[in-house]
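These are my notebook entries on one structure. I looked up its aromatic rings and then its strands.

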Amino acid sequence: MTITHASFVTLPVSDQDRALRFYTDVLGMEVTADRDMPQGRWLQVAPEGAQTVFTLSGPGMGGFEAGSARGIMLVTTDVDADCARLTAAGTPVQGPDELPWGRMASFTDPDGNGLMLLTEKEGF
C-alpha cells in the first residue's frame with residue numbers, strides 16, 4: 001500500500017451557504033474549492049495548511065443524507081477557548097472533558113453532523 005493521506009471527508013449539508021458560513025466564520029476554516037459542476041456545487045473548506053479538506057456536499061451531490069456524518073475529530077491547541085467561541089456563536093457544546101488522551105468536547109454543525117475537538121495530551 002502506498003496511501004499518503006485522506007484527500008477529503010464528505011460532510012452532507014442541506015444548505016451549502018449556511019454550512020459555508022459556519023465552517024468559515026465560526027470554525028475559522030478557509031475555502032479551498034468553490035465551483036459549479038454538472039451535479040451541483042463543489043464546495044470544500046479546510047483549516048489553514050491542512051492536507052485533508054471537508055467537502056460540504058449539498059443536495060444532489062452523491063445522495064448523502066444531510067447531518068449523517070459522525071466522529072469527525074478536529075485537533076486544536078486550546079479546546080477550552082474553542083468551546084467558548086462555539087458557545088458565543090450559539091453552538092451548543094458538550095464538554096470539554098478530561099480524558100486519558102487529552103481534553104475533548106463535541107458539537108454538531110447546523111445540519112447535525114457530529115464533530116469533536118481535541119487538545120491532545122503531550123506524549124500520548
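I began with the term for accessibility: buried means under 20% relative accessible area, exposed over 50%, and partly exposed in between, with a 1.4 Å probe and protein chains only. I noted that this is a predicted model, in which local features need pLDDT of at least 70 and side-chain atom pairs count only at pLDDT 80 or more, whereas totals for chains, interfaces and linings use all residues. Residues are numbered from 1 along each chain as its sequence is written, and side-chain values use heavy atoms, with hydrogens and water left out.

Entry 1: aromatic pairs.

I looked up how rings pair: those of Phe, Tyr and Trp (its six-membered ring) do so if their centres lie within 6.5 Å, and planes under 30 degrees apart count as stacked, over 60 as edge-to-face and the rest as tilted. I found three aromatic pairs in the structure. Phe 8 and Trp 42 form an edge-to-face pair, because their ring centres are 5.5 Å apart and their planes stand at 90°. I also recorded the rule for elements: helices (H or I, at least four residues) and strands (E, at least two) are DSSP runs, numbered from the N terminus. Phe 8 belongs to strand β1 (residues 8-12) and Trp 42 to strand β3 (residues 40-46), so I noted distant parts of the chain being linked, 34 residues apart. Phe 8 is partly exposed at 38% relative accessible area, and Trp 42 is partly exposed at 21%.

Entry 2: a tilted pair.

The ring centres of Phe 22 and Phe 107 are 6.5 Å apart with planes at 50°, so I listed this pair as tilted. Phe 22 lies in helix α1 (residues 16-26) and Phe 107 in strand β7 (residues 102-108), 85 residues apart. Is Phe 107 buried or exposed? Phe 107 is buried, because its relative accessibility is 4%. Phe 22 is buried as well, with a relative accessible area of 6%.

Two strands pair if DSSP finds at least two bridges between them. I read an open sheet of four strands in the order β5-β8-β7-β6, with mixed pairing. Its edge strands, β5 (72-75) and β6 (93-99), each pair on one side only. How many bridges join β6 to β7? I found five, and these two strands run antiparallel. Leu 99 has Gly 102 in β7 as its bridge partner.
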